[in-house]
Amino acid sequence: MSGPWSRRKLLTAGLTAAAGVTGLTAATRIADSYGLIPPDSGGIWGPGETLTYATQRLLMSRNSMAREFGRSDVSNVIPVSGPQPKTDPYQRLLHGAFADWRLAIDGLVARPTSFSLDEIKRMPARRQITHQACEEGWAFIAEWVGVPLSHVLNLVGVSPTATYIVFTPFDESWDSLDMPDAFHPQTLLAYNLNGQDLPPDHGAPIRARVARQLGYKSVKYLHKITAVDSLKHVGDGRGSAQPAWGYSWFAGI
Ligand SMILES: Nc1nc2c(c(=O)[nH]1)N[C@H]1C(S)=C(S)[C@@H](COP(=O)(O)O)O[C@H]1N2
Ligand SMILES: [Mo]
């Protein structure tokens with residue numbers, strides 16, 4: 001056997017065998033040597049989170065695509081999880097039709113910038129019909145239009161030392177992505193849902209759409225995007241608001 005694919009299979013076999021025979025600590029050591037320890041690797045579920053994340057990243061190609069659907073598959077009903085923040089400054093920006101809203105991009109980037117909604121809408125757009133599943137069990141298929149996050153990251157010049165991209169929204173539901181998902185062609189900053197401006201409850205003016213992970217990674221009401229080389233000092237250090245509520249940082253589907 002040769003080539004990256006068979007090497008990955010061997011590695012993954014090694015990871016799962018190590019997990020089975022000598023416990024998850026050995027698997028964690030192997031994952032660590034490949035830089036595949038997720039930010040929520042502490043605590044009793046930590047070794048399991050590590051095994052899931054490392055196995056997925058080693059087995060799946062960096063650019064494996066989430067399924068895309070046709071117009072006739074679009075769902076009639078789109079539930080809301082996490083309605084619009086009722087507080088300032090969000091409500092003030094909403095009532096001003098987001099004319100004063102800007103998306104700040106900072107952290108480990110060559111050119112920290114902030115973009116207006118119009119500037120983002122003038123960037124090259126991608127349209128895609130994908131499935132979004134909530135951890136609570138419901139799901140829907142919808143058409144999204146937005147700029148690939150990779151385009152924005154390239155514009156500001158993300159440093160090669162950055163390892164995660166952090167999304168800060170107007171509410172508590174912050175989250176982060178590793179670089180394979182941040183630069184994935186289906187990861188969008190979306191501003192249009194089923195042919196209309198993104199409605200307030202679905203994340204206006206701009207939300208992330210992360211097609212390869214559960215719905216909570218698609219952070220709504222975006223305010224700021226930050227490139228970091230560690231998540232240890234962001235929030236509670238577990239890469240996302242979700243681990244505190246019992247869910248994984250990595251939610252690949
Ligand atoms: N800022 C923010 N983003 C969020 C949430 C939230 O409460 N706040 N909920 C998440 C969850 S749990 C899901 S399932 C999806 C739901 O997206 P929808 O409300 O557009 O269906 O948004 C995600 N993004
Ligand atoms: Mo969700």
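**Basis of the model**

Helices (H or I, at least four residues) and strands (E, at least two) are DSSP runs, numbered from the N terminus. This is a predicted model, in which local features need pLDDT of at least 70 and side-chain atom pairs count only at pLDDT 80 or more, while totals for chains, interfaces and linings use all residues. Residues are numbered from 1 along each chain as its sequence is written, chains are lettered from A and ligands numbered from 1 in the order in which they are written, and side-chain values use heavy atoms, with hydrogens and water left out.

**Largest pocket**

A pocket is an open set of points on a 1 Å grid over the protein atoms alone, with protein on both sides within 12 Å along at least five of seven lines; a cavity is a set of points where a 1.4 Å probe fits but cannot get out, and lining residues have an atom within 4 Å of a point. A volume is the space filled by probe spheres set on the points, which are joined across faces, edges and corners.

The largest pocket has a volume of about 490 Å³. Its lining comprises 22 residues, with Gly35, Ile37, Tyr53, Thr163 and Tyr164 nearest the centre. Helices α3 (46-59) and α7 (179-182) each contribute at least two lining residues. At least three come from each of domain 1 (4-59) and domain 2 (71-245), bounds that derive from an automatic or database domain assignment.

**Second largest pocket**

The second largest pocket has a volume of about 370 Å³. It is lined by 23 residues, and Ser81, Gly82, Ser173, Tyr216 and Lys220 are the closest to its centre.

**Cavity**

A search of the whole structure finds 1 cavity of 30 Å³ or more. The largest cavity holds about 50 Å³ of space, and its lining includes Gln56, Arg57, Met60, Asp181 and Phe250.

**Sheet and packed helix**

An open sheet of mixed pairing is formed by 5 strands in the order β2-β1-β10-β5-β6, where two strands pair if DSSP finds at least two bridges between them. At its edges, β2 (113-116) and β6 (175-178) each pair on one side only. The twist averages 20° from one strand to the next, with axes fitted as lines to C-alpha atoms, for helices over the stretch in contact, and angles running from 0 to 180 degrees between N-to-C directions.

Strands β1 (residues 102-107) and β10 (residues 222-228) run parallel and are joined by 4 bridges; alanine 104 stands opposite lysine 224 in β10. Helix α6 (residues 149-156) packs on the sheet and touches β1, β2, β5 (164-169) and β10, contact meaning heavy atoms within 4.5 Å. The direction of α6 makes about 135° with that of β2.
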